[in-house]
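Subject: Structure handover

Dear colleague,

Here is the structure for your files. My notes come after it.

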Amino acid sequence: MRFNRIARLFMIGQSALMTNPPIIRNARSEDSTQIAEIYAHHVHNGTASFDTEPRSIEATVAKIAECAKRGWPFLICADGQVILGYAYATQFRDRPAYGLACEDSIYVHPDNVGKGVGKLLLVALVDAAEAAGFRQMLAVIGGGEPASVALHASLGFEHVGRMRSVGRKFGRWLDSVYMQRALGAGGSQPPEKEPG
Ligand SMILES: CC(C)(COP(=O)(O)OP(=O)(O)OC[C@H]1O[C@@H](n2cnc3c(N)ncnc32)[C@H](O)[C@@H]1OP(=O)(O)O)[C@@H](O)C(=O)NCCC(=O)NCCS
């Protein structure tokens, strides 16, 4: 079932990209330069991230390592040696009781947006986050970016809130849109292991 879903999206991605079949795999430290470049583009040119300074390569290496240490998924989509996009899931907020809720971060290389890469990544991330034990996934969408809202809605995320004018970038006030979907049994059953 899970394989079929990824395989179907893989085919969509393959035809849309019209290149070698893209693969999804865990990020490695040597991917950090390309990952940092993708993020830097979106920090400088978009409102999805409320960062105003890009993350350094060293900080990206540390982020990948932290995810690996905590058992949180950090995935990339690659065409050969070229990283088309990446996605990771981290605990939604730091306090222990949030331990079963994660927030996703997903960024596609500007040359490859709108070609199915984001959907490939998010399908895989949802599966990986569920396997990691998370029960909810939150998307916190800076500026209510339409592509991100559409991507998350297409995978069953529901709109759960909007914080108005909480960000300011490029001389504009920015809202933050919250979308959410349950992972696995969600909140219908207790977890196998309590957080904390
Ligand atoms: C948001 C982002 C990750 C989406 O990835 P993508 O590869 O461009 O999206 P996909 O091609 O996989 O499209 C996924 C869905 O969103 C829709 N979509 C994509 N771009 C869209 C746009 N600009 N406007 C409206 N819908 C859009 C697609 O039609 C598709 O819907 P469908 O499956 O129902 O047909 C990517 O555009 C990106 O990196 N944007 C900048 C950073 C960002 O906003 N990150 C999210 C942080 S929360």
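This is a predicted model: local features need pLDDT of at least 70, side-chain atom pairs count only at pLDDT 80 or more; totals for chains, interfaces and linings use all residues.

Residues are numbered from 1 along each chain as its sequence is written.

Overall fold

The protein has five helices and seven strands; helices (H or I, at least four residues) and strands (E, at least two) are DSSP runs, numbered from the N terminus. Their order from the N terminus is α-β-α-α-β-β-β-α-β-α-β-β. Of the 196 residues, 35% count as buried. A residue is buried if 20 or more other C-beta atoms lie within 10 Å of its own, exposed if 12 or fewer, and partly exposed in between, with C-beta atoms placed from the backbone. Among contacts between residues at least 6 apart in sequence, 66% join residues at least 24 apart; two residues are in contact if their C-beta atoms, placed from the backbone, lie within 7 Å.

Strand 2 and strand 3 run antiparallel and are joined by six bridges; two strands pair if DSSP finds at least two bridges between them. Isoleucine 76 has tyrosine 86 in strand 3 as its bridge partner. The hairpin of strand 2 and strand 3 has two residues between the strands, and glycine 80 there takes a positive phi near 65 degrees. Strand 3 is also antiparallel to strand 4, with seven bridges between them. Opposite tyrosine 88 stands serine 105 in strand 4. Seven of the ten residues of strand 3 are buried, so this strand is largely enclosed by the rest of the structure.

Core and helix 2

The largest nonpolar core holds 42 residues, of which Leu75, Tyr86, Leu121 and Leu125 touch the most other members. Elements that each supply at least two residues of this core include helix 2 (32-45), strand 3 (82-91) and helix 4 (117-131). Helix 4 gives the largest share, nine residues. Such a core is a set of buried Ala, Val, Leu, Ile, Met, Phe, Trp, Tyr and Cys residues joined through C-beta atoms within 7 Å. Not counting residues up to four places away in sequence, leucine 125 touches Pro73, Leu75, Ala87, Ala89 and Asp104.

The buried residues of helix 2 include Ile35, Ile38, Tyr39 and Val43. These buried residues of helix 2 pack against helix 3 (57-70), strand 3 and strand 4.

Ligand shell

There are 22 residues around the ligand, and Ala48, Gly118, Lys119, Ala147 and Ala150 come nearest; a residue is near a molecule if its C-beta atom, placed from the backbone, lies within 6 Å of it. Helix 5 supplies the largest share of the shell, six residues. Strand 4, helix 4, strand 5 and helix 5 (146-154) each supply at least two.

Glycine 143

Glycine 143 is in the loop between strand 5 and helix 5. This glycine 143 counts as buried because it has 20 C-beta neighbours inside 10 Å. Not counting residues up to four places away in sequence, glycine 143 touches Thr47, Ala48, Leu174 and Asp175.

Regards
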